[in-house]
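Have the viewer open as you read.

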Amino acid sequence: MAIFHMSFSNISAGKGRSAIASAAYRSGEKLFDDQEGRHYFYARSVMPESFILTPKNAPEWASNREQLWNEVEKKDRKSNSRYAKEFNVALPVELSESEQKELLTKYVQENFVDQGMVADVAIHRDHPDNPHAHVMLTNRPFNPDGSWGLKAKTQYIKDENGKQLLTKSGFPKQRKIWLVDWDKKEKINQWRHNWAVSVNQVLEQKNIPDRISEKSFENQGIDEVPTQHEGINSKRHERKEFNQQVKDYRKAKASYKNNQEKVINRGHLDSLSKHFSFNEKRVVKELSHELKTYISLENLDDKRRMLFNWKNSTLIKHAVGEDVTKQLLTINQQESSLKKADELLNKVVDRTTKKLYPELDFEQTTQAERRELIKETDSEQTVFKGSELNERLMNIRDDLLAQQLLTFTKRPYVGWKLLIQQEKEVKIELKYTLMIHDDNLESLEHVDQGLLEKYSPTEQQKITRAVKDLRTIMAVKQVIQTQYHEVLKRAFPKGNFNELPMIKQEQAYTAVMYYDPALKPCKVETIAQWQEKPPRVFTTQEHQQGLAYLSGQLSLDQLENHHLQRVLKHDGTKQLFLGECKADPMIKNSQIEKIQKQLKAQQAKDDQYRKANMGHYQPLNYKPVSPNYYLKTAFSDAIMTVLYAHDEDYQRQRQAQGLKETEWEMAKKQRQHQTRNRHEDGGMHL
């Protein structure tokens, strides 16, 4: 979270400090000290980002770090001279590096440089959790001609008649008049306040809830023990230990407060189970017996995942010759009970939501989002309000989307091709069995049990087994089609997917999964922009992380970007990722080619294993492809017509385009006719 830390100090000769040495240490540059005749250089593992800001009257040499601080030391030669004022400030970790620099530069310019100071800025990022800046400021202003000005002047003290007053020793009485107010305590307090205001403004613009304050906890009325800035000096370990004790105390205090709130909330917050009517409780009991689990939102979600995985696994079991008819029947029965339980809980969830969250707009939320909201409400025994409610809903939406996308990572198109081959083989075998008595596949739809008596027991067994296999294949095909349609319907809500071959669905599905991670409706103009110039989805750093995962150097959990995780799980989007990496000038092609070779070798091993254990298995590998070529293939004119089948705007565009092409063709024929007539009259060739 954002913290406030800003400390001011002076770099002075009286403390034995050097302006040149200080600037060299903070900037990481090698600087020469004219007075001492030696260089100062401090090696750093992470080079600071340094720059100098100068006021309007400053000479050109003020922008040169070495010359600037040598000139400062030449001007102030006293044993107690103050060469520079310095402040150390913590930068908010919630902002990016460029945003941190922009915030700091604007603050330094407005508060110091515009007042006449030269600011030597050095941003240190040695530790990612502690970005901070050192800013050295000149103490003298500049005259309009670019020469050094005075910090203060001497004023002689006279009486009311204008006569000079003397001290007891006989010397003229005098006082120092400061020409700048840069050393006043009020000025430092103002600078500290301005920094807090600047940071809070940026955090508010970025919709980041954290805020900082230059005031102490005591002045803010906060009953807490403040932590100490750890820094890097010899006492940092003591401060770190103290801060840990403060954090432990705060954690224990927060836990106690949270438990108090739960006790209070339990008095007015009813559990979801208390919202069931008498008849609903009876239905819940029956469904719990059928599903073999207690009816609750969490249990039904677990049951749904189990049934989904179970149904998908029938594909593999059937491929190795197992009879899965009984399992499929059980699955269908439980799916029916699960549907009834879902409908019942949806009613209760809506009833509970209206009672606990009367301000919630039902039209702006989905049933799934309300279910998750009630789950979290019941789990934490807290009714969320205001900004916390909005934040919860945003997190719920992100989590639901991630869960939906994670279900599409099991090579569905490969499974589809396998099912088609199995269906073909089963139908051929069944066809030859039926031909013995001059029957065909269509006759099975109208056959009575008695008509099978003309077949021998062995033949009847073959027919029964084949019919069971076909039913299983059709059920699993439906599962895979549902997977595709769930994604495509989100991207193309008015499409007619029944007219689209599965390979074309796979092409469109892969492109949408890669370029539209939020799964929102894709306009025609969006697809045209993708084809014209494929958008870059990932940064160079994410390209390197993805390649590291594909080469076995990182695990999938180590990738911070969840969309990158999903992309690398699917064979088709994986090839688009590699194609995007090839277009990245910071990535060497040799690195990508090496990884592609490794992936190809691993794929060959996997295919060999599957072929040995699964009947009718055919290897299906996605070829390397550039995003530009893939998008033009995936969204041809014919496919676009199907994807936007019921889109009136698209149809109008197509009609206008067709009318334009017709007019052009008619004009072309007219020109040809005119040309032919001129040729016949002996005219010139056009």
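Buried here means under 20% relative accessible area, exposed over 50%, and partly exposed in between, with a 1.4 Å probe and protein chains only. By that cut-off, 40% of the 686 residues of the chain are buried. What you see is a predicted model, where local features need pLDDT of at least 70, side-chain atom pairs count only at pLDDT 80 or more, and totals for chains, interfaces and linings use all residues. Numbering runs from 1 along each chain as its sequence is written, and side-chain values use heavy atoms, leaving out hydrogens and water.

The chain holds 22 helices and 9 strands, taken as DSSP runs (H or I, at least four residues; E, at least two) numbered from the N terminus.

Now for the inside. A nonpolar core is a set of buried Ala, Val, Leu, Ile, Met, Phe, Trp, Tyr and Cys residues joined through side-chain atoms within 4.5 Å. The largest one has 58 residues, with Phe492, Ile527 and Phe635 among those with the most contacts inside it. Helix H13 (residues 457-491) gives the most to this core, 10 residues. Apart from it lies another core of 30 residues, including Met6, Val121 and Ile123.

Val121 and Ile123 also take us to strand E6 (residues 119-124), where 6 of 6 residues are buried. Ala119, Val121 and Ile123 cover one side, and Asp120, Ala122 and His124 the other. E6 pairs in the antiparallel sense with strand E4 (residues 49-53) over 5 bridges and with strand E7 (residues 132-138) over 6 bridges; pairing takes at least two DSSP bridges. Ala119 stands opposite Leu53, and its bridge partner in E7 is Leu137.
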